[in-house]
Amino acid sequence: MGIIQAREETPLLVSGKGMSHLPVLENGWVHCEKGLIHSFGTMDSYSPFSGAEVIDASGRYVMPSYCDSHTHLVYAGSREIEYIDKIKGLSYEEIAKRGGGILNSAALLANTTEEELFRQSVERIDQIMAMGTGAVEIKSGYGLTTESELKMLRVIRRIGESRPVTVKSTFLGAHAVPEEYRNRQDEYVDLIINEMIPLVAAEELADYIDVFCDKGFFTVEQTERILMAGTGHGMRPKIHANELAFSGGIQAGVKYEALSVDHLEFTGDDEIETLLNSDTMPVLLPGAAFFLGMTDPPARKMIDAGLPVALASDYNPGSSPSGNMKLIMSLGMIRLRMLPEEVINAVTINGAYAMGISESHGSITPGKVANMFITGEIPSYQYLPYAFGSDLVESVIIGGKRIKL
Ligand code: NIG
Ligand code: FE
């Protein structure tokens with residue numbers, strides 16, 4: 001068995017040239033105890049641990065579970081009809097302007113009970129756990145009223161309580177401007193700041209704060225007001241930036257010490273320079289650009305300039321209806337020209353950093369949470385992102401427990 005991302009000691013993230021370094025221990029063993037990784041080594045040093053269940057993984061690889069640092073997987077219904085409009089030629093922005101897009105999901109969610117929303121969402125969680133995800137960040141943002149935003153965040157909390165997967169939650173009240181605030185955008189921002197954020201904070205419902213800082217959505221000025229209010233309540237920014245234009249979102253995120261800035265299809269030299277002087281993780285979401293047929297972010301240029309990069313699924317009903325992180329690795333290679341080592345680092349250790357858990361997740365390291373999956377028989381670790389349509393997840397271990405046989 002090969003152990004992918006086996007690190008006795010591990011940095012919190014890898015960047016630049018370091019992204020192409022991936023430690024893989026061939027012919028190895030891993031021992032887990034009390035939900036944590038206890039030790040690993042090569043088979044020549046192996047002696048059985050008394051009382052431990054043994055899984056024979058000959059010919060296979062063990063890989064730390066994916067850390068999917070950007071999703072919107074709590075949503076009601078689906079939007080495949082809009083997708084057809086998109087195929088026929090309407091743009092993402094045109095669909096949004098017609099009351100489709102995020103507002104469509106908000107209307108569906110308003111008419112869905114908390115119980116039903118939980119039921120639909122937890123199904124997606126079970127699906128991504130089976131595909132190898134062990135930690136996931138989930139955003140609100142299909143509520144857009146105080147009541148519905150809180151409903152979403154409570155569902156996110158309940159998911160974390162009812163499944164072994166690690167969940168981080170992000171308040172994204174500023175995802176779109178609701179219909180009743182059309183042309184009164186600043187009043188909606190006031191509502192977010194004066195009503196939503198204090199209530200979210202009082203119930204401790206969110207770890208992070210997000211704003212869709214982009215052309216046609218929220219301006220830099222509005223973003224900064226919201227981030228200031230959020231950070232004042234202990235929520236670190238993780239924002240949507242530069243998906244549709246050079247929006248200034250990357251600079252705004254870095255200014256407020258964002259943990260990550262995400263999307264980044266429009267990233268130029270200034271943005272790269274800003275990111276190089278920060279602790280902010282650039283998160284790329286190749287599923288969204290692929291699904292929408294839009295520009296890809298300049299991943300190669302970013303990594304070659306010395307930046308770290310994380311990859312996430314953006315699992316949501318409008319721009320990336322998939323939480324398949326293995327496919328995301330493949331898209332990272334096919335579309336972003338990243339190497340196998342780089343995409344694996346991007347969905348494990350750097351993904352963990354982008355959701356604030358890289359001290360405990362993202363690598364096979366003694367003391368970290370025992371979240372990993374075992375592949376089917378494959379010839380090499382590079383085969384994983386290469387075989388883009390195959391599942392290749394044979395068993396899943398989360399918190400030291402086997403959850404899929
Ligand atoms: O990350 N860009 C903003 N939000 C989502 C899309 C949400 C939707 O279309 O429902 C995204 O792509
Ligand atoms: Fe998103």
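**Exercise 1.** Determine how far apart the centres of domain 1 and domain 2 lie, and which residues each domain holds.

*Solution.* Taken over C-alpha atoms, the centres of domain 1 and domain 2 are separated by 28 Å. Domain 1 comprises 2–64 + 361–403 and domain 2 comprises 66–355, with bounds that come from an automatic or database domain assignment. This is a predicted model, in which local features need pLDDT of at least 70 and side-chain atom pairs count only at pLDDT 80 or more, while totals for chains, interfaces and linings use all residues. Residues are numbered from 1 along each chain as its sequence is written, and side-chain values use heavy atoms, with hydrogens and water left out.

**Exercise 2.** Characterise the interface of domain 1 and domain 2 by its buried area and its polar contacts.

*Solution.* Begin with the area: about 2,700 Å² is buried between domain 1 and domain 2, and carbon and sulfur atoms give 69% of this (the accessible area, 1.4 Å probe, that two parts lose on being put together, summed over both). In domain 1, the residues that lose the most area to domain 2 are Met19, Pro385 and Ile398, together 23% of what that side buries. Next, the rule finds 16 residue pairs in polar contact across this interface, both residues at pLDDT 80 or more (a pair of N or O atoms within 3.5 Å; within protein, one must be able to donate a hydrogen and the other to accept it, and residues adjacent in sequence count only if both atoms are side-chain atoms).

Note on methods: Chains are lettered from A and ligands numbered from 1 in the order in which they are written.
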